[in-house]
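I set out to look up how the parts of this structure meet. The entries below follow the order in which I consulted it.

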Amino acid sequence: MTGEKIIESMKPMHDRSNGLGGGFAAYGIYPEYKDFFALHMFLDDRAARKSCEALLRETMEIVHAERIPTRTTPAITDEPLIWRFFVSPLRSVLASMQLNEEECVARAVMTINTQMKGAYVFSGGKNMGVFKAVGFPEDVGYFYRLEEYEAYSWTAHGRYPTNTPGWWGGAHPFALLDYSIVHNGEISSYDANRRFIEMFGYKCTLQTDTEVITYIADYLLRKQGLSLEEMASVIAAPFWSTIARKDECEQKKLLYLRKVFSSLLVTGPFSIILGFDGGLMALNDRLKLRSMVVGEKDDKVFIASEEAAIRVMEPGVENIYAPAGGEPVIVRVKEGKF
Amino acid sequence: MGIDYIYPQFEVIRNDGRCTNCRICEKQCANGVHVYDSVKKRMVCDESKCVNCQRCVCFCPAHALKIAKNDCTFRENANWDEDTIKELYKQAGSGGVLLSSMGNPKRFPVYWDRILINASQVTNPSIDPLREPMETRVFLGKKPSAIQRDEQGKLKCELPPQIELSMPVMFSAMSYGSVSYNAHACLAKAAQELGICYNTGEGGLHEDFYVYGENTIVQVASGRFGVYKDYLEAGAAIEIKMGQGAKPGIGGHLPGAKITGDVSRTRMVPEGTDAISPAPHHDIYSIEDLGQLVYSLKEATNHRKPIIVKVAAVHNIAAIASGIARSGADIIAIDGFRGGTGAAPTRIRDNVGIPIELALAAVDQRLRDEGIRNNVSLIVGGSIRSSADVIKAVALGADACYIGTAALLALGCHLCRSCQTGKCNWGIATQDPELVKRLDVHVGSQRLINLMTAWRHEIKEMMGGMGVNSIEALKGNRLMLRGIGMTDRELAILGISHAGE
């Protein structure tokens with residue numbers, strides 16, 4: 001699928017954002033570089049790029065670097081330098097630091113984002129990329145020429161920032177490695193989650209709740225090795241009373257997850273879509289304080305805050321339903337399809 | 001009379017027009033303040049014995065009595081206040097150490113009262129606890145740092161032992177001996193009904209109360225009173241008492257006169273012998289010795305009980321807590337300098353230790369900086385006075401709170417701070433059978449249940465206001481707090497912003 005359709009879907013959602021941030025994540029877009037981590041970066045100036053490159057070269061090889069192609073449009077202004085680097089961590093570095101390549105890249109991203117002035121990595125997975133800016137999402141899509149990219153899965157987001165000023169890095173999706181999050185809502189558990197997750201090497205620098213959800217996903221899925229379903233039972237944990245009604249085996253598991261990761265329970269309204277290598281997961285908060293609908297057509301699955309956005313993409317959509325609060329909807333690409 | 005004479009602190013004011021000479025006040029006052037003068041045919045009183053416990057005021061059917069602060073004062077002096085002068089006279093006369101009870105009454109800052117709680121407006125909906133589930137259940141104990149799976153890839157769901165509480169509040173340690181049998185019965189019954197825990201304190205566990213085991217925390221203190229196998233296995237958890245907020249660094253002393261009958265049997269101390277808790281545990285002179293006691297107790301109970309280590313909040317509390325967290329303890333309890341006591345040297349109670357708010361904030365942050373916060377749970381006590389204090393404590397980082405004074409107030413305590421006399425008119429801090437029976441176990445436990453039920457309602461309301469529907473999402477959620485009238489340094493230690501920021 002090219003980016004055209006998803007840009008169209010954002011138009012009826014125009015009033016759900018206020019022009020202070022829009023963005024897209026696309027999976028499967030760099031087949032020719034699929035073994036390399038694609039770092040998308042905002043850079044204030046040439047000096048920031050030079051120092052960033054120098055830092056990257058300490059631990060990894062840069063196989064290709066280029067400006068991300070954009071279009072000039074009056075709707076998007078004040079853009080920073082926008083670059084992408086395809087990188088591969090050096091084996092010798094991995095061996096001496098006793099790290100796997102994901103951890104090495106994640107640490108480099110954290111270092112740049114917390115310590116390097118004028119440089120910000122907003123995407124860093126393999127064969128995927130995030131494109132975001134200050135503006136309405138449909139304009140952002142036009143700006144980044146997304147109709148030129150082909151992906152097996154797309155997510156998009158229009159922002160209505162409440163807690164933080166609109167800036168380029170603050171738009172959704174938020175990404176770390178190949179995990180990306182778009183999030184509708186505002187979480188009330190933010191500081192409990194943040195102060196817990198920061199014990200494990202993450203640094204929340206953006207004062208935005210979506211960032212912390214991204215790190216929680218990375219921590220639970222990559223570092224702890226939980227399944228998507230298990231992760232959903234942590235961040236949108238069933239109520240104690242719901243757990244009590246499950247069968248014994250399920251009960252044991254749910255109680256265990258809720259007790260061990262109690263500080264990663266996310267409260268307050270949210271509907272999120274987690275993009276990952278090979279699929280998507282959609283999840284609502286356990287009270288379902290935000291709208292979210294799912295529909296299907298042939299081999300495609302559509303998820304949106306409103307049915308209208310789905311109808312634009314696929315007028316003949318079938319099986320439309322609203323998942324219950326805390327009920328994860330997991331979509332995986334058929335094996336061998338990408 | 002003479003140089004040591006101190007004019008009575010309180011004035012007993014009797015409205016003669018209302019008094020019917022029914023002599024109830026006389027019966028109620030164990031201090032012997034009220035006496036009936038059969039010649040003059042009216043009640044007279046010896047105010048010098050009055051401790052202002054309000055018992056006579058509450059029980060006077062004619063509302064004829066009130067107790068007022070006496071206005072006979074020394075010449076005013078901002079440096080030498082009245083208490084200081086009186087205490088000096090007492091010491092000059094006796095040569096002794098001054099004793100006091102209950103918590104530090106001095107004018108130190110109460111940080112709880114300088115912290116304000118957040119609520120949702122517009123961007124995030126508040127939640128109505130009458131319509132939506134609002135969860136207050138907590139589990140205390142060590143959590144594993146990584147999950148494990150079996151060969152089939154299924155999660156291994158075994159956890160180290162945990163204490164389950166229906167709400168993050170427990171009754172703190174008060175020993176049988178310092179408080180009465182009926183007071184213990186009230187606490188135990190209420191804890192069971194509420195699904196929380198009470199704490200035996202260091203005086204052992206009376207045989208009648210083993211049935212409340214699941215809701216009991218048994219304490220092992222430096223005197224080891226009443227500690228044996230069945231005792232260790234009786235409770236939901238074992239608490240090693242290293243210190244107490246009201247008297248950090250010193251031990252305890254229950255006079256032989258109070259070691260009678262059941263108290264003697266429960267403490268396993270011969271009748272009439274003083275029960276002395278040494279200042280340190282004589283088998284703990286370093287952090288690794290503590291580790292040995294922690295593991296000894298775990299071995300003794302087959303690793304089925306979480307071990308709590310209770311310490312007083314002192315200057316270096318963050319480093320101390322970090323050491324305890326690494327010594328095998330499952331839970332750390334910290335007692336602030338305003339915590340209560342049945343008896344403590346006045347100078348120590350009023351001058352040693354630090355406020356629990358600062359200690360909690362420092363410890364929680366330190367454990368997070370070291371990445372070990374999930375290895376232990378944190379309980380805080382030392383003046384938690386209301387549901388708002390509980391909310392603030394949890395948001396600063398506590399897993400649960402201990403309440404002692406608040407629980408005793410629910411039982412009728414009027415904070416006269418005279419526990420050390422053993423003549424508690426409310427039947428709480430006494431072993432006199434005539435006084436003990438004044439505390440009705442059914443009524444007392446119901447009042448504790450009422451208090452906790454009310455707090456739980458209030459906690460849910462405040463959580464709902466913040467848009468938080470589970471207490472877990474409030475733990476350490478310091479953005480929900482703002483300080484008012486504090487210095488930058490105080491805010492930095494508490495890890496909160498000032499109101500308006």
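Entry 1. I noted one of them, between A:Arg286 and B:Glu135, with the closest N and O atoms 3.0 Å apart.

Entry 2. I recorded the conventions. This is a predicted model, in which local features need pLDDT of at least 70 and side-chain atom pairs count only at pLDDT 80 or more, while totals for chains, interfaces and linings use all residues. Residues are numbered from 1 along each chain as its sequence is written, chains are lettered from A and ligands numbered from 1 in the order in which they are written, and side-chain values use heavy atoms, with hydrogens and water left out.

Entry 3. I looked up the extent of the interface between the chains. Taking contact as heavy atoms within 4.5 Å, I found 38 residues of chain A touching 44 residues of chain B. The buried area (accessible area, 1.4 Å probe, that two parts lose on being put together, summed over both) is about 3500 Å² here, and carbon and sulfur atoms give 57% of it. On the chain A side, A:Arg195, A:Trp240 and A:Tyr256 lose the most area to chain B, together 23% of what that side buries.

Entry 4. I then turned to the domains of chain B, whose bounds come from an automatic or database domain assignment. Domain 1 covers 10-96, and domain 2 covers 138-144 + 167-498. Their centres, taken over C-alpha atoms, are 33 Å apart.

Entry 5. I examined where these two domains of chain B meet. In this interface, 13 residues of domain 1 are in contact with 10 residues of domain 2. The area buried between them is about 1100 Å², of which carbon and sulfur atoms give 50%. I noted that B:Ala30, B:Cys53 and B:Arg55 supply 44% of the area that domain 1 buries against domain 2, more than any other three residues.

Entry 6. I asked how many salt bridges there are between domain 1 and domain 2 of chain B. The count is 1. I also recorded that the side chains of B:Glu87 and B:Arg347 meet in a salt bridge, at 2.9 Å from N to O.

Terms used: A salt bridge is a side-chain nitrogen of Lys or Arg within 4 Å of a carboxyl oxygen of Asp or Glu.
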